[in-house]
Amino acid sequence: MKTSFLGRLTAGALTGAVNGLFGGGGGMVAVPLLGKMLGYEDKQAHATAIFVIAPVCAASALIYIINGYAAADVIIPAALGSVAGGIVGAFMLSGCPKTVINYIFIAVMFAAGIRLLF
């Protein structure tokens with residue numbers, strides 16, 4: 001995997017900008033960038049995207065909380081559920097074939113796109 005520092009920096013900046021702008025969704029950008037632009041294998045791209053997104057989400061969340069956009073009564077239960085789901089998903093990633101992961105990712109991206117239309 002030979003990519004320049006500038007290429008990795010650009011991929012990170014695009015991922016962070018999308019995540020900060022929309023309050024999430026950076027993984028939808030990070031996975032294709034890691035796979036197509038930086039040459040990671042599919043499972044490696046998904047796992048790396050999660051690691052990259054964690055600090056970005058924390059920084060975005062802090063800004064949203066400071067600006068009063070985050071609902072305090074939702075933060076803790078949603079965070080606990082997200083952590084539990086993340087653990088389950090990480091274990092599932094190691095046991096799922098590459099094609100299953102790709103189809104799930106495609107379905108989630110498609111559903112998100114349809115949701116944005118309506």
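**Close-up 1. Salt bridge between Asp 42 and Lys 98 in the predicted model.** Asp 42 and Lys 98 form a salt bridge, with 3.7 Å between the closest N and O atoms. The pair joins distant parts of the chain, since Asp 42 belongs to helix α3 (residues 42–66) and Lys 98 to helix α5 (residues 98–117), 56 residues apart. The structure, a predicted model, holds one salt bridge. Asp 42 has 22% relative accessibility and therefore counts as partly exposed. Lys 98, at 48%, also counts as partly exposed.

**Close-up 2. The aromatic pair Tyr 64 and Tyr 69.** One aromatic pair is counted in the model. The ring centres of Tyr 64 and Tyr 69 lie 6.3 Å apart and the ring planes meet at 70°, so the pair is edge-to-face; the cut-off for that class is over 60 degrees. Tyr 64 counts as partly exposed because its relative accessibility is 25%. Tyr 69 counts as exposed, at 64% relative accessibility.

**Close-up 3. Helix α1 (residues 5–22) and its buried face.** Helix α1 has 18 residues, which at 1.5 Å a residue should span 26 Å; the C-alpha atoms at its ends are 26 Å apart, in agreement. Gly 7, Ala 11, Thr 15 and Asn 19 of α1 are buried. Viewed down the axis of α1, the buried residues fall within an arc of 100°, so they line one face of the helix. These buried residues pack against α2 (26–37) and α3. Phe 5, Leu 6 and Leu 21, on the other side of α1, are exposed.

Terms used. Residues are numbered from 1 along each chain as its sequence is written. This is a predicted model: local features need pLDDT of at least 70, side-chain atom pairs count only at pLDDT 80 or more; totals for chains, interfaces and linings use all residues. Side-chain values use heavy atoms; hydrogens and water are left out. Rings of Phe, Tyr and Trp (its six-membered ring) pair if their centres lie within 6.5 Å; planes under 30 degrees apart count as stacked, over 60 as edge-to-face and the rest as tilted. Buried means under 20% relative accessible area, exposed over 50%, partly exposed in between (1.4 Å probe, protein chains only). A salt bridge is a side-chain nitrogen of Lys or Arg within 4 Å of a carboxyl oxygen of Asp or Glu. Helices (H or I, at least four residues) and strands (E, at least two) are DSSP runs, numbered from the N terminus. The expected span of a helix is 1.5 Å times one less than its number of residues. The arc is that of the directions from the helix axis to the C-beta atoms. Contact means heavy atoms within 4.5 Å.
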